[in-house]
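Me: I am new to this structure and would like to go through it with you. Could you bring it up first?
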Amino acid sequence: MFCQAIANVSLMAELFNNDFLHSEYYNCMDWSCGTVNQHNFQEILSISGLGNPAMLQMFMYSLLVMPKELLGTDFCKDKFNEEVIKYVTDYSSTYPNETNKEDVNYYRHIRNAIAHSKCDYSESDGKSYVTFKDNDTRDNSKHCEIKMQTGDVGRLFEFLMTELMKVLNNTINVDL
């Protein structure tokens, strides 16, 4: 299931990169859901595109939450934290030992925000942003918010895919 999830993330990313929604194939597709639903789905996709917030959350779930649950480890926590810090436009944290931007556990906070669907999407000055929100349900005084441009989250997809494929290739000793 995990291999299928990351393969689907890769497929959707390539469809987005190749402008699938403007392809002749897409425009001529017959959908099995019926004409009314086909029109509704196409309208939604025409407005939101493939790189929309719902896809972002599903992709991040596949790339951050599933690996933690299935591999039982924070497989690339330190590398992820080093990568994310390049893209953070704003953050706030009341967690102990996270007073500096460099000390925030981005891996944990972003994973928790994705797992609990605690993400806000906004636009400012023509740019799209996502804010990941993590709250400690046992201690209301602890919370963290991490804001970055939505496009930069796409760069994190590539990073996470590369790291996950290293783990999978080492695990099954096959180049996928």
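Me: Thanks. How do the residues of the lining of the second largest pocket divide into nonpolar, polar and charged?
Reply: Please note first that this is a predicted model. The lining of the second largest pocket has 2 nonpolar, 4 polar and 6 charged residues.

Me: Which residues line the second largest pocket?
Reply: The lining consists of Tyr95, Arg108, Asn112, Ala113, His116, Lys118, Lys133, Asp134, Asn135, Asp136, Thr137 and Arg138. Two elements, helix H6 (106-115) and strand S3 (127-135), each give two or more residues to this lining.

Me: And how much space lies in that second largest pocket?
Reply: The second largest pocket holds about 240 Å³ of space. For the largest pocket, the value is about 520 Å³.

Me: What lines the largest pocket, then?
Reply: There are 22 lining residues, and those nearest the centre of the pocket are Ala13, Phe16, Asn17, Gly154 and Phe157. The elements that supply two or more of the lining residues are helix H1 (2-17), H4 and helix H7 (150-172). By class, the lining of the largest pocket comprises 10 nonpolar, 9 polar and 3 charged residues.

Me: Let me step back to the whole chain. How many helices and strands does the secondary structure come to?
Reply: The chain has 7 helices and 4 strands. Read from the N terminus, their order is α-α-α-α-α-β-α-β-β-β-α. Along the principal axes, the C-alpha atoms fill a box of roughly 55 × 45 × 30 Å.

Me: What share of the residues counts as buried?
Reply: Of the chain's 176 residues, 37% count as buried.

Me: Which residues touch the most other members in the largest nonpolar core?
Reply: That core has 39 residues, and Met60, Phe80, Ile110, Phe132, Ile146, Met148 and Leu160 touch the most other members. Two or more core residues come from each of H1, H4, helix H5 (77-84), H6, S3, strand S4 (143-149) and H7. There is also a second, separate core of 5 residues, among them Phe20, Leu21, Leu45 and Leu50.

Me: Take Ile146. What is it in contact with, leaving aside neighbours within four places in sequence?
Reply: With those neighbours left aside, Ile146 is in contact with Val88, Asp90, Tyr91, Val104, Tyr106, His109, Ile110, Val130, Thr131 and Phe132.

Me: How much of the contacts in the chain, at a separation of 6 or more, comes from residues 24 or more positions apart?
Reply: Such pairs account for 60% of the contacts in the chain with a separation of 6 or more.

Me: Changing topic: where is Lys79 found?
Reply: Lys79 lies in helix H5. Beyond its neighbours within four places in sequence, Lys79 is in contact with Phe159, Glu163 and Lys166. With Glu163 there is a polar contact, side chain to side chain, at 3.3 Å.

Me: Why does Lys79 count as partly exposed?
Reply: Lys79 counts as partly exposed because its relative accessibility is 42%, and that class covers values between the 20% and 50% cut-offs.

Me: And Asn52, is that residue buried or exposed?
Reply: Asn52 counts as buried because its relative accessibility is 12%, and buried means under 20%. Asn52 sits in the loop between helix H3 (35-48) and helix H4 (53-71).

Me: What does the side chain of Asn52 reach?
Reply: The side chain of Asn52 reaches the backbone oxygen of Gly49, at 2.7 Å.

Terms used
Residues numbered from 1 in each chain as written. Predicted model: local features only at pLDDT ≥ 70, side-chain atom pairs only at ≥ 80, totals over all residues. Heavy atoms only, no water. Buried < 20%, exposed > 50% of the residue type's maximum accessible area, 1.4 Å probe, protein only. Polar contact = N/O pair within 3.5 Å; in protein donor to acceptor, adjacent residues only side chain to side chain. 1 Å grid on protein atoms, 1.4 Å probe; cavity = no way out; pocket = protein on both sides within 12 Å on 5 of 7 lines; lining within 4 Å. Points joined across faces, edges and corners; volume = space filled by probe spheres on them. Nonpolar A, V, L, I, M, F, W, Y, C, P; charged D, E, K, R; others polar. Core = buried A, V, L, I, M, F, W, Y, C linked by side-chain atoms within 4.5 Å. Contact = heavy atoms within 4.5 Å.
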